[in-house]
Amino acid sequence: MSCLGRQAITWLPRLSARATVLALLCAGLALGCTPDPDGYVAASAEDSAAADRAIERGEHEPAIERLRAIVEREVPASVAEEDARVIRQDAYDRWARVLMGRGEVDEARRVVDRGLALGEREDLFTANLLTTRGRLHEARGRDREAARDYHRALVIEEALLERALGGSDE
Amino acid sequence: MSRAVKRVKVAAVLIAFAVGLPACGGAAPHEATYVEPEREDPSALDDEQRELERALGEELARPELDCEAACDLGARICDLSERICGIATRHPRDTELERRCTDAGGRCDVARERIAERCACE
């Protein structure tokens, strides 16, 4: 697992959904686990912070522009594949939530699916995307599919909980 | 006792034992008579030290308890469980949804119990 991914396992849940990627990126840089000679992480962090500010102001379009910039930015070879995945999946999830908030359910679903297509792992990013997709299914009356996605997210978060509790004593 | 305190104590005992092991077998400093220490097999001591180092490494490698994350995850698990059961309530004759609700509710209960054993959530 990548350095960023390991950090994300336990301390991401305590952060708000909007602030996750920025905190993660900055922590990754501070910890020295994210070499960033090409400025990919720093640029993504800047876009992430700008998206947060735009969402707070209710400016959806500028927020979406910034989140789109994150997922479309070319990933340099210096960035670990898994780090790029979590950065992009976090952006896809936030983008989809903005669209969902505007009632653009079908477009949000497309965005979520693009995020999940990057790979499903036992981490918070996948769980977030599954939860968002579940809500989108519910909005379209596809209750069985919604319950399935919620349940998958729940099982992932259960595994993350075990890690947060320090593993089993048995 | 918290996991962190327990780990520190275990580590301290293991280190003390490992460091002190080669010095064992001698007479106490205030005794007037000298007792020839029982000869020990150096390779056995090496094995014992390696075993202690392995145990120490294992203990230190265990993940830290993170109550803040655990509490958040517990809340998320139970929120998802409520969502699933809310859907199941809308479809009372759907056995698949009923099964998912029962399973999710059980996982929420277990999560709450596991967290309550070690953490005090707000």
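What you have open is a predicted model, so local features need pLDDT of at least 70 and side-chain atom pairs count only at pLDDT 80 or more, while totals for chains, interfaces and linings use all residues. Residues are numbered from 1 along each chain as its sequence is written, and chains are lettered from A and ligands numbered from 1 in the order in which they are written.

**Stop 1: α5(A) against α6(A)**

Pick residues 81–101 of chain A for α5 and 105–116 for α6; their axes sit 8 Å apart, at an angle of about 170°. Axes here are lines fitted to C-alpha atoms, for helices over the stretch in contact, and angles run from 0 to 180 degrees between N-to-C directions. Helices are DSSP runs of H or I, at least four residues long, strands are runs of E of at least two, and both are numbered from the N terminus.

Now show the side chains where they meet. On the α5(A) side, look for A:Tyr92, A:Trp95 and A:Leu99, among others; the α6(A) side includes A:Val105, A:Val111 and A:Arg114. Contact means C-beta atoms, placed from the backbone, within 7 Å. Colour this contact by type and you get 9 nonpolar, 2 polar and 3 charged residues (Ala, Val, Leu, Ile, Met, Phe, Trp, Tyr, Cys and Pro are nonpolar, Asp, Glu, Lys and Arg charged, and the others, Gly among them, polar).

**Stop 2: α3(A)**

Next, select residues 40–56 of chain A. This 17-residue helix reaches 24 Å from its first C-alpha to its last, close to the 24 Å expected, where the expectation is 1.5 Å times one less than the number of residues. Its buried residues include A:Tyr40, A:Ser44, A:Asp47 and A:Ile55. Buried means 20 or more other C-beta atoms within 10 Å of the residue's own, exposed means 12 or fewer, and partly exposed is in between, with C-beta atoms placed from the backbone.

Turn the view to look down the axis: the buried residues of α3(A) fall within an arc of 165°, so they line one face of the helix. That arc is taken over the directions from the helix axis to the C-beta atoms. Just past the helix, A:Gly58 has a positive phi of about 75°.

**Stop 3: where the chains touch**

Zoom out. Chain A has 8 helices and 0 strands, and 46% of its 170 residues are buried. Chain B has 4 helices and 0 strands, with 19% of its 122 residues buried.

Between them, 22 residues of chain A contact 29 residues of chain B. On the chain A side, α1 (3–11) and α8 are the elements that give two or more residues, and α8(A) gives the most, with 14. That side divides into 11 nonpolar, 5 polar and 6 charged residues.

**Stop 4**

Which helix holds B:Leu80? Select α3 of chain B, residues 67–90, and B:Leu80 is in there. B:Leu80 is buried, with 28 C-beta neighbours inside 10 Å. Leaving out residues up to four places away in sequence, B:Leu80 touches A:Thr131, A:Tyr150, A:Ala153, A:Leu154 and B:Ala104.

Finish on A:Arg148, in α8 of chain A (residues 143–164). Buried, exposed or partly exposed? A:Arg148 is partly exposed, with 19 other C-beta atoms within 10 Å.

Notes. Two residues are in contact if their C-beta atoms, placed from the backbone, lie within 7 Å.
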